[in-house]
Each structure stands twice: as C-alpha cells, then as structure tokens.
Amino acid sequence: MTLYTTRSAYANLARSTRGNYADDCCVFFNFLWQRGKNWDEATSEDLLDFEDWRRWSPRNLQRIGGSKWNRELAAIRRLYKWAVGKRYIAVSPVAEREVMGRHGQMVSVPVARAKDARATNVKWLTPRAYRQWRDIGLRGYTADGRRDPLFRGRNDDRNAAYSDMLFSSGMRRSEGGSLLTIEVPDLGVGSRHFYDGKLGREATKSKRERTVFYSQDALRAVDAYARTSRRAAVRRAQDKGRYEAMHGVWIVTKRVGFEQRDLHLVNQRGEVFERNLTSLDVEERQRLYVEGDGGLEPLWLWLSEDGRPFLPHSWEAVYRAASARCRVLLEGRVSQPPYFTPHMARHSFALFMLVALQHVLDNRFGLTPQERKDFRLLYGDSWRLVKNLLDHASEETTRAIYLAPVSDLQVRSLLLEDAEVGVSELLAQIAKLSERVMDEVAS
C-alpha cells in the first residue's frame with residue numbers, strides 16, 4: 001500500500017481526494033477482513049456482496065446512495081487497476097464493460113456503477129440572502145440589522161472577507177483558502193467593478209492555472225482585513241517569536257520574472273533555490289515568509305489569531321457556526337433560515353453568472369436572434385463561460401452538477417418576459433419556483 005500511495009498516480013490527486021479514497025478503500029478492506037481475506041484475495045463476488053451491504057442490507061444502519069457508492073467504487077477500481085498493472089494480482093475484482101463515450105470513443109466503466117446516482121443536492125443563495133447570512137452569522141448582527149451586543153464571534157472581518165471573496169469569484173474552498181498576500185489584486189486607482197487575478201496550477205483541483213475575477217467590494221473587505229486584524233495577528237506572533245521557532249520555513253528574498261511570479265527562496269539551512277508561484281501546492285504555500293519591519297511574517301493571507309496560517313479545511317467549522325447562529329436568530333421570522341457552505345458559494349456564483357450572462361446577451365445588447373447566434377458562435381454561450389469560470393473539465397459537468405437541477409425553471413423564458421427586469425429580480429423569481437434557491441429575507 002505504501003508503494004501505491006507514494007509511487008502511483010494516486011499521489012498526484014488532490015489532497016481531499018486522496019483522503020476520501022483512502023477512507024473508501026479501508027471500508028472495503030475491513031469488509032474483506034471480516035471474511036478472513038486479505039486485500040489481494042478479493043474477487044468480483046466479494047465486491048457484489050460489499051455493494052449489497054453498503055447499499056441495501058437491512059442489517060446496515062448506515063446505507064449509502066448511488067453517488068457515494070460510485071465514489072467508493074472509483075477508489076477501489078483505481079487501487080486494483082494499479083495492482084494488476086504491477087502484477088501483484090492477476091485479475092481485478094472490479095468487472096468492467098465497454099460503452100460509448102461522450103465524444104464517440106469506447107471507454108471502460110465498472111459494471112457495478114450505480115445507475116440511480118444523482119448529482120450533488122445543489123442549493124443556492126441569492127445575493128441578498130447571502131448578505132443576510134453573512135451579516136447575521138459571520139459579522140454578528142441581529143435579524144433587525146443591528147449589532148448584537150451578545151455576539152462573541154472572533155475574526156468576523158476575516159471570515160466575512162473570505163466569504164465575500166468566494167461568493168464573488170466561484171473559487172473552491174482550498175483555492176481561496178490558500179491565497180498569498182502577493183496574489184491578491186491591488187485595488188489601485190479608478191473605479192472597476194471586477195479585478196482579475198491568477199490561481200497557481202498546483203493550488204487548484206484541476207491542476208490548471210486559471211484567471212479568476214474578484215469584485216471590488218470583496219477586495220475592499222480583504223484589504224481592510226489585511227490592514228487591521230491580520231496585521232495585529234502578525235505583530236502578536238512576532239512579539240512572541242513564534243515565526244522564528246517554526247520549522248520548514250522558506251523565506252522569499254526576491255520576486256522576478258513575468259508578473260514577478262518567480263520567487264527566490266532560502267530555507268533554514270541557508271540553501272538558495274527558486275520556485276514559480278504556479279508550482280507551489282497548498283502545503284508549500286504555508287512555508288512562505290518574508291522579512292518585514294518586525295521580523296518574519298507569512299505570505300499566507302488568512303491567519304488564525306495566533307498568527308499562524310488558517311488552514312482551508314478549518315473554514316467548514318466557521319460556516320457551520322454561522323449557519324447555526326442564523327437558525328437561532330431567524331427561527332420563526334422566516335420559513336427557511338439560510339445556511340451556507342464554502343462549496344455553496346460556487347453553486348451560487350454559477351447560478352448568478354448564468355442568469356447575468358443570459359440577461360446581458362438577451363437584453364442589454366438588444367441583439368436580434370441572428371445577431372445573438374453569431375455572438376455565441378464567436379464568444380461561446382453562457383454555459384461555456386460559466387464552465388470556464390468554474391474550472392470544469394467539460395460543459396456537461398457544469399450542466400449536470402451545478403445547474404441542471406434548475407433547468408425545469410425555464411430560465412431563458414423568464415429572462416425574455418421583460419427586458420427591463422434586472423438580475424436580482426430574476427433570481428427572486430427563480431427562488432419562488434425552486435425550493436433549492438434560498439432568497440427569503442426577514443422583515
């Protein structure tokens with residue numbers, strides 16, 4: 001197993017995927033162990049029995065659905081395919097069959113793949129419902145819009161800035177959570193609604209460098225956090241000598257090259273080396289420091305109160321606490337108190353962008369049907385644009401996972417009913433027709 005996790009394609013998977021696949025394989029290994037078998041003795045019959053246990057057995061109180069089973073099957077298949085290739089076993093227990101792929105090619109898929117799997121149970125917040133969740137859950141306001149004197153939340157400016165950034169950019173939790181201070185666009189002068197920035201290849205799930213867009217309001221919130229709470233956390237850590245006592249630190253001595261993305265570094269042994277921003281993964285980004293006026297300080301943007309990097313997975317607890325606070329304060333005032341997760345920010349961003357882009361193409365430009373067709377042939381339709389913003393591998397992924405659940409709402413028809421209707425009003429209309437879109441605001 002050590003060889004598989006360190007010397008195969010498994011090692012190049014995203015950290016969260018590696019963790020999930022490891023857990024999935026362990027569940028199967030435990031099942032085999034109860035049968036007196038080792039991992040390399042599994043047969044196709046064992047896999048069928050395992051599926052029955054995981055999905056349908058009345059003796060199992062924690063049965064899973066088709067989507068979860070397909071993920072476990074993918075983890076098991078990957079392991080045994082590697083083992084067959086290395087000749088540790090003769091035959092994989094995962095039987096496969098040939099089917100036609102989306103581009104007409106023949107591909108192999110597991111026979112046991114669930115046909116009742118459905119896409120993620122996608123839910124969205126409209127912008128005004130999101131602002132209510134943020135103000136009450138993260139910033140400590142009451143349902144009436146006043147500061148709550150009983151609110152004891154910490155780092156409210158940091159939490160709200162991070163959340164605004166995710167909501168306006170469509171970044172994944174880890175992508176936004178591993179940003180460096182030098183990667184945040186400078187507001188500069190002038191009045192722009194959006195600013196572009198780059199995400200490094202190794203910090204993304206797809207392992208592709210891409211451009212993201214930040215709203216001006218989100219960047220202002222990030223800038224305010226960096227100048228106040230973050231600076232205070234750095235000063236406290238410096239006063240206690242916390243950074244000098246850390247191990248594995250890489251100090252950035254110089255930035256050169258195109259857009260200053262080539263870093264000259266020195267480690268604690270005095271060794272000098274170079275890295276490009278796009279080649280740094282999440283763990284390596286946590287090592288980056290610079291020499292400031294008060295000593296070492298991290299380049300990692302989001303910090304804990306003690307000045308150390310606030311790790312991406314920690315945001316889940318922040319969001320859970322904020323949603324719990326909304327549930328308490330809005331209970332009885334609205335029919336469905338808003339809840340939110342970092343990944344729902346991507347869902348909400350995708351829905352907003354789809355509606356906004358459709359609105360622009362169909363109304364703002366005043367295009368005729370033929371002109372609209374020509375425009376889409378040249379620039380691509382709104383689905384393709386949203387797909388690129390979300391960094392999906394294919395347009396089908398965008399439709400199936402994020403936006404297909406609202407296809408029955410006939411968004412295009414709503415957009416064409418009244419050319420004067422704005423995006424916010426359109427989202428409100430959609431929310432009335434779908435239980436998955438939360439828009440209700442307490443009066």
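**Exercise 1. In which helix does R346 lie, and which side chain of opposite charge is nearest to R346?**

Solution. Step 1: In this predicted model, R346 belongs to helix α12, residues 342–364. Step 2: R346 is buried but has no salt bridge. The nearest side chain of opposite charge is that of E175, 4.7 Å away. Step 3: A salt bridge requires a side-chain nitrogen of Lys or Arg within 4 Å of a carboxyl oxygen of Asp or Glu. Step 4: A polar atom of the R346 side chain does, however, lie 2.5 Å from the backbone oxygen of G170.

**Exercise 2. Determine which side chain meets that of R210 in a salt bridge, and state whether R210 is buried or exposed.**

Solution. Step 1: The partner of R210 is E175, with an N to O distance of 2.9 Å. Step 3: The cut-off for a buried residue is under 20% relative accessible area. R210 counts as buried because its relative accessibility is 8%. E175 is likewise buried, at 3%.

**Exercise 3. Describe the salt bridge between D24 and K68, and name the network of salt bridges that includes D24.**

Solution. Step 1: The closest N and O atoms of D24 and K68 are 3.5 Å apart. Step 2: The pair links distant parts of the chain, 44 residues apart: D24 is in helix α2 (residues 15–34), and K68 is in helix α4 (residues 66–85). Step 3: With a relative accessible area of 2%, D24 is buried, whereas K68 is partly exposed at 29%. Step 4: Salt bridges link D24, R54, K68, R71 and E72 in a network.

**Exercise 4. Where do E259 and K198 lie, and how accessible are E259 and K198?**

Solution. Step 1: The side chains of E259 and K198 form a salt bridge, with 3.5 Å from N to O. Step 2: E259 is located in the loop between β6 (250–256) and β7 (262–267), while K198 is in strand β4 (residues 194–199), so the pair ties together parts 61 residues apart in sequence. Step 3: E259 has a relative accessible area of 46% and is partly exposed. K198 is also partly exposed, with a value of 26%.

**Exercise 5. How many salt bridges does a search of the whole structure find?**

Solution. The search finds 27 salt bridges. Among them are the pairs R210 and E175, D24 and K68, and E259 and K198.

Conventions. Residues numbered from 1 in each chain as written. Predicted model: local features only at pLDDT ≥ 70, side-chain atom pairs only at ≥ 80, totals over all residues. Heavy atoms only, no water. Helix = DSSP H or I, 4+ residues; strand = E, 2+ residues; numbered from the N terminus. Buried < 20%, exposed > 50% of the residue type's maximum accessible area, 1.4 Å probe, protein only. Lys, Arg positive; Asp, Glu negative; His and termini not counted. Polar contact = N/O pair within 3.5 Å; in protein donor to acceptor, adjacent residues only side chain to side chain.
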